[in-house]
Number of protein chains: 2
Amino acid sequence: MSRFSVTYRIFAASADEANERAAGIALEQTVEIPRDVVPRGYIADEIVGQIESIAEEGDGRYLAKISYSPDSVSDELPQLLNVIFGNSSIQKDLKVVGLELGSTLAERFPGARFGVAGVRRLARRATGGMVCPVIKPQGSDVATLADIAYRCALAGADAIKDDHGLTNQSMAPFKQRCEKISAAVARANRETGGACLYMPNVAGQSADALGYARFAKDCGAGGVVVLPGLFGFDAVRHLARDETFGLPIMTHPSFLGSYVLSDTLGFTHAMMFGTLQRLAGADISIFPNVGGRFGFSAAECVSIADACRDVRGIGRPILPSPGGGMSVDRARDMVRMYGDDAVFLLGGSLLRYGDRIGEAIKLMRDAIAEA
Amino acid sequence: MSRFSVTYRIFAASADEANERAAGIALEQTVEIPRDVVPRGYIADEIVGQIESIAEEGDGRYLAKISYSPDSVSDELPQLLNVIFGNSSIQKDLKVVGLELGSTLAERFPGARFGVAGVRRLARRATGGMVCPVIKPQGSDVATLADIAYRCALAGADAIKDDHGLTNQSMAPFKQRCEKISAAVARANRETGGACLYMPNVAGQSADALGYARFAKDCGAGGVVVLPGLFGFDAVRHLARDETFGLPIMTHPSFLGSYVLSDTLGFTHAMMFGTLQRLAGADISIFPNVGGRFGFSAAECVSIADACRDVRGIGRPILPSPGGGMSVDRARDMVRMYGDDAVFLLGGSLLRYGDRIGEAIKLMRDAIAEA
């Protein structure tokens, strides 16, 4: 059995303090009792976290790599996240910067079902950046949303996603929306010979997620959008592993921002929007692009894309999907920044095109092709 | 229909900037499109967030109260949280400090099933602080954990909870643990004539939560512990509203620390460990006590307790449950700080008493009675 390890960045005034804090984390994340009362034998030797290394990064920053037993986790994702950062999330000056699953947990958490290659195969876009308009706004009726989706699919979108704010509102309830938009996109696909994937946003109560996802599949949807910050990362894993569903999953960062925005708390951007999404089984990971309405830097965005696509990461490489304030004007810059293996979201700015929304999709396709 | 409102603290260089950011939030959390393309009529008038007030607090801090339509939410908790803070969680210098449900959503989200009075009735402790030892450590077998639970119940514990790190590990799988410890606590209750509530920690994959909770009930457990940071807040709501379960729920702060530890991000302590727990339907809200291993201040802890018990809050008042590094020595100070309506957790320090663990419970009871 191979232990897994988590690397924490500890902000401390001295090496002694960093060592002491690392020893505290090793207890906190496992037995959660003082060292002097840890039972000898199996619990002390196997269950308590083990400090594998501590290195100073400079400027009062230390990297502590702590290994844990797969026995602490069994095969449950909530408990794996609990060991990685459950109680330690409540400690200041501590950030998770790395995760190595080891061979034992790599078997239990195989990651994305499709990944980059699988999504490309389904969307029949073997190379080049992928274009994904977002249909909105909340409050629109189903016919309006279906019309937008139809025009976008006809114009060459690779995928179409629901806005993450479209859930089960009476104006466009999930099931009605899913049926009508799936049909509209299927009609466009018949006309173009294409394979645009419509991905509705899984709504409902958390316990309903699989039911909604299966409903979407039955309608002919090409995948689903899931919000791990609200439904839990395990909702993603559940769908990714369910044989009766078996479609790509796109994760959205709603409610997750607080984990990354402080330099000294939570997770790095790459961990949250790359590693953890791969761990859960996402195929496409949405994150806010630099220069939009959110405060991610170019370096942070590139680190996310790298973590999504790193061949040494968990399971299959997945597609980073920058969004938020993206427009056709910025397409070339974005392609230069992210390369080909990315899903470029186009959001609210599309609505400025009105009935000519298909033109915007074509412009985006051209810009990507020329970049 | 009555709109609900969220109060955000915006950190801004000027009133103009604060106004502009508030207007951005009102769009971001609803239609997520630029103002100039918002369709007129219902969407502009009802769906888009409305700035109800903006007031300067001083020092570059502004309080913006924004109201939203219940139509944006329907009756789903993930979507309510999505409107409150979904995408805005990804914005810097923004913190959620208040939530007023309004009458429409108050009906849809009635809060705790038991609350302070209900839990006291079940535990037959009409007045005075309640004592809740935590059984651990992870890696122990079921017989060892059941023996600790038996001794604690016999000595007068009001409730006994699983450590949040006990899930489904092979050393003490949930179902076995739940059966054996429920039986041990029932035996102690028969001997004392008491009504100590055993609350196992809901394990498994997220989709299994209700199944595990029902299993616990069938074993005779007195409630369950749930981790909303890992299973999602809606898992709590689901159990709180399920008629076939119908037992108290204790929530644990695992994985939620990143939402409160920065002054300029996430939620206030009172919102996260008071308001949101009540919204989801928790009866007892655990949080890290001042002076333990975590960095909450006395004022932050008191604000949590106040938010749990405020009669103007969502649904029934609930029990704050300070824990983490609590010991018998600190009992009197804790009772002076939190008053009677609280559940005092006793954790790893209990294990120092070994077979005499019951003495620690009695000492704690005495200290509370004398405080």
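Ground rule before I start: axis angles under 35 degrees count as roughly parallel, over 145 as roughly antiparallel, 65 to 115 as roughly perpendicular, and the rest as oblique. I also note that this is a predicted model.

**Entry 1: α3 and α10 of chain B**

I looked up helix α3 (residues 77-85) of chain B against helix α10 (residues 233-241) of chain B, and they pack at an angle of about 140°. Their axes are 9 Å apart. By the rule above, α3(B) and α10(B) are therefore oblique to each other. I have the crossing of α3(B) past α10(B) down as right-handed.

Which residues of α3(B) and α10(B) meet? On the α3(B) side I find B:Leu77, B:Pro78 and B:Leu81, and on the α10(B) side B:Phe233, B:Asp234 and B:Arg237. Sorted by type, the residues of this contact come out as 4 nonpolar, no polar and 2 charged.

**Entry 2: where chain B touches chain A**

Next I checked the contact between chains. I get 71 residues of chain B in contact with 72 residues of chain A. On the chain B side, the elements giving two or more residues are α1 (15-28), α2 (42-47), α3, α9 (228-231) and α10. Which of them gives the most? That is α3(B), with 5 residues. The chain B side divides into 29 nonpolar, 32 polar and 10 charged residues.

**Entry 3: α11 of chain B**

I moved on to helix α11 (residues 269-280) of chain B, which has 12 residues. From first C-alpha to last, α11(B) reaches 16 Å, close to the 16 Å expected at 1.5 Å a residue. Buried or exposed? I find 12 of the 12 residues of α11(B) buried, so this helix is largely enclosed by the rest of the structure. The buried residues include B:His269, B:Gln277 and B:Arg278, and B:Met271, B:Met272 and B:Phe273 are also among them. Just after α11(B), I noted that B:Gly281 takes a positive phi of about 115°.

**Entry 4: α6 and α7 of chain A**

The contact takes in, among others, A:Leu145, A:Ala149 and A:Tyr150 of α6(A), and A:Ile181, A:Ala184 and A:Ala188 of α7(A). I sorted the contact residues into 11 nonpolar, 3 polar and 4 charged.

**Entry 5: α14 of chain A and one lysine on it**

Last helix: α14 (residues 357-370) of chain A has 14 residues. Its reach from first C-alpha to last is 20 Å, close to the 20 Å expected at 1.5 Å a residue. I find A:Ile357, A:Gly358, A:Ala360, A:Ile361, A:Met364, A:Arg365 and A:Ala367 buried in α14(A). What do these buried residues pack against? My list is β5 (130-135), α6 (142-154), α13 (331-338) and β12 (343-346) of chain A.

I count 15 other C-beta atoms within 10 Å of A:Lys362, which makes it partly exposed. Setting aside neighbours within four places in sequence, I see A:Lys362 in contact with A:Ala155 and A:Gly156. I also checked A:Lys362 against A:Ala213: they are 149 residues apart in sequence and 30 Å apart in space, C-alpha to C-alpha.

Note on methods
Residues are numbered from 1 along each chain as its sequence is written. Chains are lettered from A and ligands numbered from 1 in the order in which they are written. This is a predicted model: local features need pLDDT of at least 70, side-chain atom pairs count only at pLDDT 80 or more; totals for chains, interfaces and linings use all residues. Axes are lines fitted to C-alpha atoms, for helices over the stretch in contact, and angles run from 0 to 180 degrees between N-to-C directions. Helices (H or I, at least four residues) and strands (E, at least two) are DSSP runs, numbered from the N terminus. A crossing is left-handed if the near helix is turned anticlockwise from the far one by less than a right angle, and right-handed if clockwise. Two residues are in contact if their C-beta atoms, placed from the backbone, lie within 7 Å. Ala, Val, Leu, Ile, Met, Phe, Trp, Tyr, Cys and Pro count as nonpolar, Asp, Glu, Lys and Arg as charged, and the others, Gly among them, as polar. The expected span of a helix is 1.5 Å times one less than its number of residues. A residue is buried if 20 or more other C-beta atoms lie within 10 Å of its own, exposed if 12 or fewer, and partly exposed in between; C-beta atoms are placed from the backbone.
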